[in-house]
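Reader: Please take me through the ligand site in this model. Keep it brisk.

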Amino acid sequence: MTDLAPEVRAYYERGDEDQRLRAGAGRLEFWRTQDVLRRLLPPRARVLDVGGGSGIHAAWLADDGHDVELLDPVPLHVAQASRYVPARLGNALELDAPDASYDVVLLLGPLYHLLDRADRVCALREAARVTRGLVVAATINRFAALHDTLRMGRYFEPDVRARASATAEFGAHRPTAADALFTTAYFHAPDEIAAEVAEAGLAVGGQYGVEGAAWLMGGIGEWLDDPARRADVLDAMRVTESVPSLLGVSAHVLTAARVP
Ligand SMILES: C[S@@+](CC[C@H](N)C(=O)[O-])C[C@H]1O[C@@H](n2cnc3c(N)ncnc32)[C@H](O)[C@@H]1O
């Protein structure tokens with residue numbers, strides 16, 4: 001089985017993942033992912049959360065009444081996720097589960113770190129094999145690094161700009177050791193993940209921009225602190241979430257697909 005690239009493993013072993021979506025603007029990704037998944041999942045589903053990290057989504061899915069299991073290749077994540085659901089070591093490229101054994105397979109992260117298309121299609125085929133219903137796959141958008149570095153004011157640094165531009169053009173994101181912005185990753189165009197999902201034998205049912213354009217807005221952190229404004233932001237992002245011309249502006253896209 002292909003292991004994680006050493007720098008990807010080292011990045012997640014830092015232990016930042018457990019807090020990433022619990023504070024600041026990261027909460028937009030959390031609440032929007034939750035909002036979309038709550039509309040897609042059938043009630044009381046058997047769910048396999050592949051690359052589920054520290055269990056941030058597994059926890060609320062279990063509270064919602066789903067029967068959730070989590071797989072992740074990082075032992076720290078497995079230990080953290082075990083607080084909420086049964087969790088075990090595993091890799092999206094080779095799932096240790098029988099055919100058609102889950103109602104839903106979530107791939108909210110593994111595709112970020114598979115730079116070869118053949119590996120991404122392999123992970124999607126594995127998800128298709130073990131589900132009898134739905135697969136939901138998250139991807140980072142092709143222009144996320146360009147937008148994010150511009151938002152942070154770091155696009156004006158020549159080396160940061162060169163990497164963001166290369167990612168926008170080719171998809172592969174390869175930061176230097178000195179640049180801790182993210183780790184080695186693949187950034188998809190929305191139609192590119194749809195084609196990979198179809199090649200894995202799944203029928204695409206819908207695509208959803210997770211953060212829409214809201215993640216780029218200066219006031220977003222404050223708006224999310226205010227429950228009334230947060231609800232308004234979530235409403236607004238529901239309006240634009242599947243508009244094809246706006247999908248690429250979001251930081252992440254969820255692609256929902258079914259076994260035909
Ligand atoms: C950005 S985190 C996302 C965690 C969580 N699913 C979420 O949505 O917040 C990406 C996760 O994918 C996991 N991962 C990376 N490559 C993987 C692979 N080949 N198979 C399974 N999980 C993988 C990482 O260990 C990490 O927990």
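Author: Here is the ligand site, then a helix pair. This is a predicted model, in which local features need pLDDT of at least 70 and side-chain atom pairs count only at pLDDT 80 or more, while totals for chains, interfaces and linings use all residues. Residues are numbered from 1 along each chain as its sequence is written, and side-chain values use heavy atoms, with hydrogens and water left out.

Start with the shell. The ligand is surrounded by 21 residues, each with a heavy atom within 4 Å of it. Gly51, Asp72, His77, Ala92 and Leu108 are the closest. The shell has 10 nonpolar, eight polar and three charged residues. Here Ala, Val, Leu, Ile, Met, Phe, Trp, Tyr, Cys and Pro count as nonpolar, Asp, Glu, Lys and Arg as charged, and the others, Gly among them, as polar. Helix H2 (17-20) and helix H4 (56-63) each supply at least two shell residues. Helices are DSSP runs of H or I, at least four residues, numbered from the N terminus.

Now the polar atoms. A ligand oxygen lies 3.2 Å from a side-chain N or O atom of arginine 20. A ligand oxygen is also 2.9 Å from a side-chain N or O atom of histidine 77. At leucine 108, a polar backbone atom is 2.7 Å from a ligand nitrogen. Taken alone, the ligand exposes 600 Å², and the protein buries 98% of that. Areas come from the Shrake-Rupley method with a 1.4 Å probe.

Contact here means heavy atoms within 4.5 Å. Ala145, Leu146 and Thr149 of H7 meet Val160, Ala164 and Ala168 of H8.

Definitions and conventions
Polar contact = N/O pair within 3.5 Å; in protein donor to acceptor, adjacent residues only side chain to side chain.
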